[in-house]
Amino acid sequence: MHLRRRTVALVVLLAALAAAIPLLTGSDDDAAPTTEGGSSFRAAPEVRERGSSLISALAPLLAAGSGRAGQGSATGAGSTTTAAPQRGAAGSNLGVPVDRAAARLFVVGFPGTTPNAPFFARMRVREWGGVLLTRPNYVEPGQLRTLAAGVGAAARAAGHDEPFVVARQAGGEDSAFGNLPPDAQFDQLTPQDAADQARRSAAQLRALGVTMTLAPDADLGSIGGPWDGRGFAADVPDVTAKTVAAVRAYRRGNVAAVVGHFPGEGAASADPARTTATVGLGLDELRAADMQPFLEVAPDAAVVQMSGALYAALDGVTPATLLPQAVALLRKEARFDGVVLSADLGAAAFASGTTPGDAAVDALRAGCDLLLLPGDATDQEQAVRTVVRAIRSGALPAARVREALGRVAALKRRYDVG
């Protein structure tokens with residue numbers, strides 16, 4: 001009798017999984033991809049989250065199957081990770097199971113405005129390094145405070161390290177929360193104005209639970225370029241002085257400022273976050289202009305974001321965020337020893353003709369420490385699993401992962417996160 005019941009249960013489970021496979025693989029023709037983090041590169045944020053309902057439904061079962069949530073494996077949909085790394089397996093010396101280590105390297109977005117959004121169920125099985133909040137997540141400050149608090153509460157309930165709560169709040173059209181400071185980034189601002197706006201922004205963001213901001217931008221506002229009217233200025237010394245002043249103000253306000261986008265996008269053909277973009281400058285031209293603000297702000301900066309543009313000065317066909325030589329320029333010439341954040345990997349994957357998962361592995365190999373993937377839940381799961389496989393196979397050296405994890409952990413301590 002017991003055997004018969006088990007057989008029936010197994011048949012039901014297999015049938016359910018067979019029905020689930022199309023959703024997990026994203027083969028539902030009616031389910032267009034959504035940009036969970038509100039990236040303007042792909043589909044509109046109103047489009048529903050492809051595959052998220054199934055992933056969210058499976059999350060509690062996966063967590064229960066791995067023992068106490070957060071104490072064993074943070075197993076995601078489709079993952080075969082066990083509760084502890086296998087003896088002798090590649091990546092087994094990371095200090096935590098490989099899948100938990102991999103997820104800690106990602107900053108991800110999601111659709112929804114309340115802690116009841118399906119994303120929070122997935123947080124039980126994914127220990128994200130950061131959670132990105134964007135315009136579709138925002139209604140008003142009180143709601144934002146509740147949402148940010150929900151991120152931390154969900155992580156703690158799962159026994160996970162608390163993630164950074166991240167927002168792009170650079171001013172004007174580049175702010176996730178339109179009625180919060182800073183007001184704008186325009187040529188008429190003085191360095192003191194930039195510092196004052198950053199101070200006000202840091203105070204407001206921290207009070208609402210946001211601990212990292214994708215600001216300020218050190219890109220030159222060159223006439224006709226993507227940062228014309230959006231950046232601090234077109235003049236190198238002016239941009240440098242304002243960027244340094246803003247970064248120092250954010251640091252005093254206990255908000256991790258992310259300076260973008262190295263090695264500079266002032267001369268880009270378009271905004272790389274929105275479409276494939278190229279920069280035709282040679283390396284000497286970059287050093288003389290676009291790279292200068294980054295070289296000066298490096299001693300004060302905690303995080304620098306790489307560009308997703310294609311640079312003629314590098315190989316001309318690969319986004320800078322995926323190129324070791326691009327990150328090496330930042331590390332060696334700017335002597336930057338903080339956290340390197342990737343460009344939007346959904347956009348970088350499109351520009352390089354690869355998948356978000358392969359782009360994530362390439363970005364880590366290149367030297368990025370945190371991986372930005374606003375994309376949909378399916379992209380995020382595919383990317384984490386690809387990184388896990390790369391660590392286990394040795395294709396992604398464990399030493400590189402430990403280095404990235406160490407930098408991210410040090411950044412959290414520095415900014416009192418968790």
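Start with the whole protein chain in view: among its contacts (heavy atoms within 4.5 Å) with a separation of 6 or more, 73% link residues 24 or more positions apart. This is a predicted model, in which local features need pLDDT of at least 70 and side-chain atom pairs count only at pLDDT 80 or more, while totals for chains, interfaces and linings use all residues. Residues are numbered from 1 along each chain as its sequence is written, and side-chain values use heavy atoms, with hydrogens and water left out.

Next, colour by secondary structure. You will find 14 helices and 10 strands; helices (H or I, at least four residues) and strands (E, at least two) are DSSP runs, numbered from the N terminus. Of the 418 residues, 56% are buried, meaning under 20% relative accessible area with a 1.4 Å probe, protein chains only.

Now select strand 1, residues 106–109. F106 and V108 point one way, V107 and G109 the other way, and all are buried.

Keep F106 selected and bring in F120, F177, L345 and V387. These five touch the most other members of the largest nonpolar core, which has 84 residues; such a core is a set of buried Ala, Val, Leu, Ile, Met, Phe, Trp, Tyr and Cys residues joined through side-chain atoms within 4.5 Å.

Last stop: L345. Leaving aside residues up to four places away in sequence, L345 touches L322, A359, A360, A363, L371, L372 and L373.

Note on methods
Buried means under 20% relative accessible area, exposed over 50%, partly exposed in between (1.4 Å probe, protein chains only).
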